[in-house]
Structures are given as structure tokens and as C-alpha cells.
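Dear colleague,

Please have the model open as you read.

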Amino acid sequence: MKEALLADARLNTADAPFVRLWRGFLTGRVMIAVALLVLQILGQWFNQVSDPVLMTVCGAYLCAAVLLRILGRHAPPAAGTGVQWLPSIGVDIAVVSALQLLHTGAMNFTPLFGLPILMAAVLGTLTLALGTTAAVTLLLLLWAWWSSTQSLSDDTQRYLQSALTGTGYFVVTYLVHQLATRLVGEQEVAQRNRMAAQVQTQVSALVIEHLSDGVLVVDESDVVRMANPAAQGLLGESQHTQLPFSLGRCEGWQPLVDLAHRTFDQEAPQTADVALLHPGESPTGLHARTWMTSTHADPQSRGERLCVMFLHDLRELEARLRTEKLAAMGRMSAAVAHEIRNPLAAIVQANALLEEDLQDPGQKRLAQMVQQNADRLARIAEEVLDIARVQHQISHAPASTLALDASVAQVWSDWCAQDPAKRQGQILLNAPMLHVEFDTEHLRRVLVNLLDNALRYMGPHEDSLQVQTRTSVTGQITLQVWSDGAPMDKSVERHLFEPFFSSESRSSGLGLYICRELCQRHGASISYQRTHRTTARGNTGGNAFTVAFRRTTRPQEAATLFDSIVI
């Protein structure tokens with residue numbers, strides 16, 4: 001039973017080399033049948049003697065071999081002993097025996113017994129192989145006995161020859177079967193290793209695809225063999241860019257090309273901070289690390305040399321580091337803001353009571369200054385505490401969707417109605433009937449914050465402020481607020497989304513930070529770019545804040561700066 005299961009495993013292997021061997025045996029039987037028929041025809045033509053019985057046997061064998069080659073080419077019979085082997089091994093033994101018995105000349109057909117013996121040893125169980133060899137050996141001995149009855153000479157040599165041939169067949173049968181069994185084992189190991197490699201490849205592909213850091217695999221010809229979505233985003237490419245593509249096709253990627261060349265030349269890992277420059281856009285600072293898959297000095301590595309690049313956005317690295325440093329200060333600020341509200345309220349109330357009894361104009365101005373600064377402190381305290389409230393609302397808010405264009409249009413209308421004389425601009429809604437996952441009030445807060453920021457820096461023209469929704473060719477839905485303000489200083493741009501950072505002395509620096517938190521908790525992202533737009537004045541540069549939405553379920557984000565604040 002164990003041998004049968006082991007033999008059947010040959011047919012269950014993915015590549016199934018035994019199926020090819022089976023087809024080879026079937027083809028060999030056809031060729032032997034054709035050769036036998038041709039030999040019979042030539043022999044009878046030269047000897048001028050007709051033997052219709054032999055011709056009939058050879059012709060029938062050819063027909064049987066061709067028929068089995070056509071009908072049984074898909075898979076060999078079951079490996080165990082049984083009648084399933086009669087059309088192949090049984091027919092071969094019967095035909096060779098008939099030819100040896102019917103032929104009257106000196107030709108010996110017994111070497112043809114090797115074909116059914118090999119077929120049984122390779123494709124069948126050891127029992128089938130030894131049984132076939134034993135049957136052939138008995139036939140050889142019977143043939144020796146038959147020959148001895150037809151002559152009066154001593155046929156000891158004929159018996160010895162038959163026994164020696166049978167012994168050789170047994171040895172060949174055992175060795176061939178052992179080789180076939182070894183092939184089965186190697187094939188099963190290769191199959192398991194291939195499945196493990198496929199699983200590992202899938203896992204690696206999933207891990208690389210979802211890495212926040214960019215991964216590039218570059219060959220010595222500067223051709224990118226693999227790039228995950230994060231790397232394509234850092235390069236400014238679409239996530240659906242056809243791979244492979246040349247890293248040297250864009251002049252802005254030249255620092256990465258130089259880094260790859262240095263890695264290949266020195267055959268050692270490299271680390272460098274590079275800046276990718278694209279026309280009309282702000283430079284993208286990257287921290288790049290490279291490794292090689294193989295080197296010329298490694299005799300074990302005979303494959304193609306590839307350079308693996310890991311790209312980290314310097315802005316994210318620096319922002320993460322600064323956010324971690326500000327975490328303690330943020331919690332302390334929130335605690336202080338909470339504690340100062342009560343004494344601040346007492347100051348405001350006392351100042352109001354005091355102002356009622358003041359008659360001197362100078363003293364009234366001082367009281368008003370106290371009131372204004374107290375209001376400012378109260379507003380900052382509320383903004384600090386508002387972060388914790390927002391985090392709590394987001395973490396407990398159920399998933400919801402909204403019609404993007406309709407929601408943006410409503411927020412824009414409400415915002416403009418507050419001051420129609422100053423709040424003017426263009427709104428371009430290019431995402432009709434599309435829904436995104438976002439809370440309506442949270443989107444209002446993000447958009448109003450961006451519009452208020454743009455209002456402070458925009459020009460006086462009607463097209464100085466533009467709000468646009470659109471869908472890219474890859475299906476990415478975005479909302480962008482653009483204004484024609486002056487370029488930001490690089491030191492300011494690096495800290496845009498950090499808490500408590502502001503270029504204005506009277507701002508708490510929490511607006512963009514709250515926008516980023518709202519976007520991240522809804523599975524979206526917010527980014528800043530310096531871009532150009534076509535306006536009535538021509539090609540105009542401006543500052544653009546882009547919110548990229550996702551239609552999928554929002555991810556669970558780790559706790560951030562103010563998630564642990566208790567109010």
C-alpha cells in the first residue's frame with residue numbers, strides 16, 4: 001500500500017515528469033512497432049517468402065500502440081498491479097513472445113522485453129516491476145526449454161543465458177525503480193519549496209506594498225524592476241505606472257541614479273540624503289539607503305546584481321521626531337490650559353466688575369486691554385483643549401460617507417456668506433455623484449480651516465482663491481484649496497502640520513495639525529505643494545493644500561499626541 005501511494009504521488013506532482021515519461025514510452029512503443037513492421041516487410045521482400053502471421057502480429061501491434069498513444073496520453077494508469085497495465089505492458093510482453101515463437105530465423109526479439117520492464121519500474125510499484133521482470137524471466141526460461149526440445153544438442157548455455165538475462169533484468173528493475181522513487185522524493189521537496197517560496201513571495205510583496213517607506217529595485221542599467229506605491233508616490237509617479245521603467249528618464253531622479261551607480265561600483269551599502277527636483281514643485285527631500293543582492297566577489301552569487309533602495313521622506317522623519325519631542329510639551333500645555341480656565345474666568349469677571357466703576361478714560365483703556373488679552377488666553381486654551389475633544393469624537397465616531405461635491409458646495413456657500421465682499425473665489429466641482437468616507441462636520445472643519453488660511457495670504461483678484469474636487473485617472477478622489485499667496489519659507493514648510501507651530505505671533509499653530517488628525521482618522525491624507533495654475537493673469541504660482549480621500553474603510557490609527565489627555 002505504501003509503495004502504491006508513493007507511486008501515485010508521482011502523478012500528483014505539479015510538473016508531473018512521469019506524465020512526460022509515460023508519453024515517451026507510448027511514443028517509443030509506436031516507433032518499435034513501426035520498426036518491426038518495416039523489418040518484416042524488408043525481410044520478406046528480400047527472402048521472397050511471405051509470412052502473413054508475423055505481418056498480422058506486427059500490424060496489430062502498431063494499431064494497438066497508436067491507439068493507446070492517442071487515448072492514454074493524458075496520464076499513465078494507476079501505479080498498482082491490475083488489469084490497467086494490460087494495454088501497455090501486457091500487450092508488449094505478448095507481442096514479443098509471439099514474435100519470438102513464430103519467427104523461424106536467427107533473429108532474437110527478447111531484448112524488446114526491456115521496454116515493458118522499464119515501464120513497470122518507472123511508472124509502477126516495486127511489486128509490479130518485479131512481477132513483470134519475473135514473468136519475462138519465466139518466458140525466457142520457457143523459450144530455452146522449448147528450444148532444447150527442438151534440438152538434440154546440449155542447451156545448458158541457453159539456460160544459463162536466460163538466467164543471466166533475467167538476473168540482469170532484476171538488477172536493472174530495482175535500480176530504475178529506486179531512481180524513480182528518488183525522483184519522486186526530490187519532486188515533492190521541490191514542490192513544497194516552491195509553494196513555500198510562492199507564499200513567502202506573496203507575503204513579501206504585501207509587506208513591501210504596504211510599507212510607508214518607498215522600496216525600489218534597480219538593475220545596473222538604471223531600470224526599475226519593482227517599486228511599491230510609496231516609492232512611486234515619492235518619485236511623483238502614478239501607482240499604476242507600468243513596470244519596469246527607466247530611472248534615468250527623469251532629470252529630477254538623477255541623485256538616485258548616482259547613488260545606485262555608487263552602490264554597484266563600490267559593491268557596498270550606501271546612505272545619503274538626496275533632493276528630487278521637479279519643475280514647478282517644491283523639492284522632495286529623501287533619506288536613501290541601498291543594498292546589493294549580490295557581488296562579484298561572492299562565488300555563491302551567480303545571479304544578476306540588483307540594487308535595493310529604501311526611500312524615507314525626510315519631512316515625515318523630521319516631523320515624526322519633532323512630534324515625539326513635543327508630546328510631553330503638548331500634554332503639559334493641555335493640562336495647563338485646563339487649569340488656567342477657572343482663574344482666567346475669575347480675572348475676566350473681576351475686570352468686568354471693575355470696569356463698571358471706572359470713570360477715567362485711561363483706566364478704561366487698561367481694563368479693555370486686560371479684557372482683550374484675557375479673551376485671547378481663553379481662546380488659546382479652548383483651542384488646546386479642543387484637540388483632545390476632536391480626538392475623542394473621531395475615535396468614537398461611526399463610519400460615514402458623504403457626497404463630496406454637494407458637501408463642498410454647501411461649506412463654500414456658508415463660508416462666503418459670512419463676508420461676501422472679501423470671501424470670493426472660484427469653485428470647480430469635478431467629482432459628481434462620488435461619495436467618500438468622511439464625517440460631514442469634520443470635512444466642514446477641515447475646509448473652513450484651509451479657506452481661512454488661504455484668505456490671509458491670497459491676492460485681491462477673483463481667481464486668487466480656487467477650490468477644486470476631481471478624480472484622477474487612477475481613481476484617487478481629491479479636494480484642493482489653492483491660493484496665489486507668496487511661496488512659503490522652507491523652514492515654515494517643514495513644520496506646517498506640527499502642533500503649536502505658526503508663522504504668526506497671534507496664532508496657536510493648531511489649525512493644520514487638527515486638519516491632519518481629522519484626515520488621518522478618516523483614512524485620508526493632507527499635503528502641501530507649491531503649484532501653478534492658469535488664471536486671467538497667466539500661469540500663476542500658488543500654495544495648494546490637497547486632501548486625498550479613500551473609499552475604503554478608514555484604518556485604525558495609533559494614538560497620537562493628545563489622545564491621552566484627560567479633560
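For the angles below, axes are lines fitted to C-alpha atoms, for helices over the stretch in contact, and the angles run from 0 to 180 degrees between N-to-C directions. Please bear in mind that this is a predicted model.

With that convention, helix α9 (residues 254–266) lies across β1 (214–219), β4, β5 and β6, and runs at about 165 degrees to β4. These strands belong to an open sheet of six, paired antiparallel in the order β3-β2-β1-β6-β5-β4. Because β3 (245–246) and β4 (270–276) stand at the edges with a single partner strand each, one side of each is left without a neighbour in the sheet. Within this sheet, β5 (residues 284–292) and β6 (residues 306–313) run antiparallel and are joined by seven bridges, with A288 standing opposite L311 in β6.

The other sheet to look at is an open one of five strands, in the order β8-β10-β11-β13-β12, and its pairing is mixed. Its edge strands, β8 (426–429) and β12 (525–535), each pair on one side only, and neighbouring strands are turned against each other by 20 degrees on average, direction ignored. Strands β11 (residues 477–483) and β13 (residues 538–549) pair in the antiparallel sense over seven bridges, and here Q480 stands opposite T546 in β13. Helix α13 (residues 440–457) packs on this sheet, touching β10 (465–471), β11, β12 and β13, and its direction makes about 25 degrees with that of β11, whereas helix α15 (residues 511–521) lies across β12 and β13, running at about 110 degrees to β12.

Technical notes. Residues numbered from 1 in each chain as written. Predicted model: local features only at pLDDT ≥ 70, side-chain atom pairs only at ≥ 80, totals over all residues. Heavy atoms only, no water. Pairing = 2+ DSSP bridges. Helix = DSSP H or I, 4+ residues; strand = E, 2+ residues; numbered from the N terminus. Contact = heavy atoms within 4.5 Å.
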